[in-house]
Amino acid sequence: MSEAPRVRLIEAEIFERPVDFRFPFRFGAARVERAPQAFVRVRIVDQSGRSAAGWAAEMMMPKWFDKSPSLSPDDNVGQLRTSLRLAIQGLKSLPLNTAFGLHAAAEADHHRIAAKEGLPALVASYGLALVDRAITDALCRLEATSAAAAVRNDLLGITDATAPDLAGFDLPGFLSRLEPSPRLAIRHTIGLADALTAADVEPAQRLEDGLPQTLEEVIAAYGHRYFKIKVSGRPEQDVERLLAVTAVLDRAVGDYRATLDGNEQFESADVAVDLLDRVQREPRLARLRHSLLFFEQPIPRAEALSRSVAVVSERIPLEIDESDGDVGAFLRARELGYAGISSKSCKGFYRSLLNRARVEKWNSEVGSSRYFVSAEDLTTQGGIGLQQDLVLAALVGAGHVERNGHHYVDGMAGAPASEQAAYLAAHGDLYENGNGRARLAIKAGEISFASVLRAAGLGSAVEPDWAAMLRS
């Protein structure tokens, strides 16, 4: 096992690319029709003077990182830009360290300074996570290795410095045993406003882009067996929606699995229990009950980690998502009865790996598979952002991953044709050419991405067309 190289961040630039959605996506009470995608390009130098560039990308989604009704979508995007700039300033001020060492040295100060700027923890996490990934990408390119190999061979220098609860746990040994699969099942998101059947689509709303629009069409086109169903926090209406959704699933899919996503819409644990009890009593939801894996973040983040959720977790495993604002969130959640936590690149590559190590440690202690990390998605777009998140999902051993960016956006819409062609050539197992777009290739409900896992860097053999972007 090689010693982790020590590097320093010497340059960082931010770019943006606008992304228009095929139809609106709903985050809880908010509807989003477009958003920019942020791209970060960095340069690092090591102790011997060698240098390399790296890059990362992530959607700047309004109304998820901060759901305050007083903020406009433009306000939300402005928050994320500020977080990125603060992260760059903090990381550039640090001396030589390992890739993870830079993250560990910057994390606490970054969150503290972001809080002084009025940025919530999730917003703060976004900036640091994106620059961390670009540095990781650069380090892997410097060493001519893949990110998966870098994690297994300890080239990133990951320690328990930010997670002292892992003291005594064999973290290097755990990381060395990770075996990322080049195939993942896709868990399709069924949004609150999504059309389920052709009858739900008005003629004027029908899209002619060759992509599926309704749940029925999605299943027919992609063969999904895993689903993520959004619920609104209004139990009576949610049961009606679930009946409509499962009428399609029960008819069109054989043995399926599903998760529920509350998106912080349930005002209390009692309301979540009300929904689960209604589902239990409804005979037409019997197959859904059998299929359910976990319930994601029903309670608003302001209250979710303030009291026990045992009354809910005794019915179904509970996971935190929006409450995961810092590396210690999973510890606090576990004490209250939560069993799972989401992995998202926008929250942190290292945070997900450390949380996966916690799952390994805790399950060993209790002698069961109670605790888990699931792979979730924040409208991740094809190209760098998608591929970096797939590397992470594979490393944490997710098995299935929520993906919805390909459903709301037509392939790599907004990217130049030459860039899309480059992705098709380098990552032809992950994409296919459809209507002149590089689109995600989903076959029998799964994607294949061996080319992503073996690429030098963090998941991508293709450098984006920087000249076709706006500087931020």
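Guide: A cavity here is a set of points, on a 1 Å grid over the protein atoms alone, where a 1.4 Å probe fits but cannot get out. Points are joined across faces, edges and corners, and a volume is the space filled by probe spheres set on them. By this rule, five cavities of 30 Å³ or more turn up. Bear in mind that this is a predicted model, in which local features need pLDDT of at least 70 and side-chain atom pairs count only at pLDDT 80 or more, while totals for chains, interfaces and linings use all residues. Residues are numbered from 1 along each chain as its sequence is written, and side-chain values use heavy atoms, with hydrogens and water left out.

Visitor: Which residues lie nearest the centre of the largest cavity?
Guide: G382, G405, H406, G411 and L440, out of 16 residues that line it (each lining residue has an atom within 4 Å of a point). The volume of the largest cavity is about 150 Å³. Two elements give two or more residues to its lining, α15 (405-408) and β13 (437-440), and β13 gives the most, with three. Elements are DSSP runs numbered from the N terminus: helices are H or I with at least four residues, strands are E with at least two.

Visitor: How does the lining of the largest cavity divide into nonpolar, polar and charged?
Guide: You get eight nonpolar, six polar and two charged residues. Nonpolar covers Ala, Val, Leu, Ile, Met, Phe, Trp, Tyr, Cys and Pro, charged covers Asp, Glu, Lys and Arg, and the others, Gly among them, are polar.

Visitor: And what is the volume of the second largest cavity?
Guide: About 110 Å³. It is lined by 15 residues, and R17, Q37, G382, M412 and A415 are the closest to its centre. At least two lining residues come from each of β1, β2 (30-46) and α16.

Visitor: What makes a pocket a pocket?
Guide: A pocket is an open set of points, with protein on both sides within 12 Å along at least five of seven lines. The largest pocket holds about 290 Å³ of space. Its lining has 13 residues, with F23, P24, A193, Q205 and Q213 closest to the centre. Strand β1 (residues 7-27) supplies the largest share of that lining, three residues.

Visitor: Why is the pair W55 and W466 called edge-to-face?
Guide: Rings of Phe, Tyr and Trp (its six-membered ring) pair if their centres lie within 6.5 Å; planes under 30 degrees apart are stacked, over 60 edge-to-face, and the rest tilted. There are 15 aromatic pairs in the structure. For W55 and W466 the centres are 6.4 Å apart and the planes are at 70°, so the pair passes as edge-to-face. W55 sits in strand β3 (residues 51-59) and W466 in the loop between α17 (450-454) and β15 (470-471), so the pair ties together parts 411 residues apart in sequence. Both W55 and W466 are buried. They also belong to one aromatic cluster with F15 and F39.

Visitor: What about F349 and Y350: how far apart are their ring centres?
Guide: 5.8 Å, with planes at 80°, so that pair is edge-to-face too.

Visitor: Why does F349 count as buried?
Guide: Buried means under 20% relative accessible area, exposed over 50%, partly exposed in between (1.4 Å probe, protein chains only). F349 comes in at 2%, so it counts as buried. Y350 is buried as well, with a relative accessible area of 2%.

Visitor: Is D132 buried or exposed?
Guide: Buried, because its relative accessible area is 6%. D132 lies in helix α3 (residues 121-142). Leaving out residues up to four places away in sequence, D132 touches L91, H103 and Y350, where contact means heavy atoms within 4.5 Å.

Visitor: How do you know what span to expect for α3?
Guide: The expected span of a helix is 1.5 Å times one less than its number of residues. The 22 residues of α3 should therefore span 32 Å, and its end C-alpha atoms are 31 Å apart, which agrees. As for cover, 20 of the 22 residues of α3 are buried.

Visitor: Why does A357 count as buried?
Guide: Its relative accessibility is 0%, so it counts as buried. A357 is found in helix α13 (residues 349-366). Setting aside residues up to four places away in sequence, A357 touches L166, F169, L171 and F174.
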